[in-house]
Amino acid sequence: MLTSEDRLIELIRSSGLEVDAVQGNDPGPSVTTAWRAMAGFGVEPRASFPLKGDLRGVHRAWLEHARRAGVVGEDGTFLVTAVVTGSSDVGWVRVRLTGTADVSRLVDDQGRIEFIARSASGHHVCGVTAEEYDYWIAGMDL
């Protein structure tokens, strides 16, 4: 039987990201704290894509914003979580970009792109959330 950690790592690998290690929630901020911040009332998208539209640009747009926000390290590493049952308890997974990475493949069990990437320092996040009619690429300092 697959654990929550197994399912999360399987999803991350299916997106083409290379998994380095499971870091957990310490040091913080935790996955739960990051999701709460991303769901905040004042969050505005940096870019958006229709839920049912062409999603080929999601990875490129997210990567541009994540690099600008200091989420992705110069070596292509960052921390990530995605929507999988129990993923909040698993915490952050340290990953590395590859030539085949495409974050638009980080989809939940409803077929929607939902993930948050965090800088190694923990101070910056940038993710994709499914809103009513659009995917939002949003980022902030924590």
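Modeller: Seven strands form an open sheet in the order 1-4-3-5-6-7-2, with antiparallel pairing; strands are DSSP E runs of at least two residues, helices are H or I runs of at least four, both numbered from the N terminus, and two strands pair if DSSP finds at least two bridges between them. The model is predicted, so local features need pLDDT of at least 70 and side-chain atom pairs count only at pLDDT 80 or more, while totals for chains, interfaces and linings use all residues. Residues are numbered from 1 along each chain as its sequence is written, and side-chain values use heavy atoms, with hydrogens and water left out.

Strand 1 (18-24) and strand 2 stand at the edges with a single partner strand each, so one side of each has no neighbour in the sheet. From one strand to the next, the twist averages 25 degrees.

Strand 5 pairs with strand 3 in the antiparallel sense over four bridges, and A82 has F115 of strand 5 as its bridge partner. Strand 5 also pairs with strand 6 in the antiparallel sense, again over four bridges; here G127 in strand 6 is the bridge partner of I116. The hairpin of strand 5 and strand 6 has five residues between the strands, and G122 in this hairpin takes a positive phi near 90 degrees. Within strand 5, F115 and A117 point one way and I116 and R118 the other way, and all are buried, where buried means under 20% relative accessible area, exposed over 50% and partly exposed in between, with a 1.4 Å probe and protein chains only.

Helix 1 packs on the sheet and touches strand 1, strand 3 and strand 4, its direction making about 145 degrees with that of strand 1. Contact means heavy atoms within 4.5 Å; axes are lines fitted to C-alpha atoms, for helices over the stretch in contact, and angles run from 0 to 180 degrees between N-to-C directions. Helix 3 also packs on the sheet, touching strand 2, strand 3, strand 5, strand 6 and strand 7, and its direction makes about 155 degrees with that of strand 6.

The buried residues of helix 1 are S4, L8, I9, L11 and I12. Seen down the helix axis, they fall within an arc of 160 degrees, so they line one face of helix 1; the arc is that of the directions from the helix axis to the C-beta atoms. Their cover includes strand 1, strand 3, helix 4 (87-90) and strand 4. The side chain of S4 reaches the backbone oxygen of T85 at 2.8 Å.

The largest nonpolar core has 36 residues, of which I12, W62, F78 and F115 touch the most other members; such a core is a set of buried Ala, Val, Leu, Ile, Met, Phe, Trp, Tyr and Cys residues joined through side-chain atoms within 4.5 Å. Helix 3 gives the most to this core, with five residues. Not counting residues up to four places away in sequence, W62 touches V72, F78, V103, F115, A117, C126, G127, V128 and I137. Another core, of 11 residues, lies apart from the largest one and includes V31, A34, A138 and M140.

M38, found in helix 2 (residues 31-38), is buried, with a relative accessible area of 5%. Leaving aside neighbours within four places in sequence, M38 is in contact with V43, I116, V125, G127, T129, A138 and M140.

Definitions and conventions. Polar contact = N/O pair within 3.5 Å; in protein donor to acceptor, adjacent residues only side chain to side chain.
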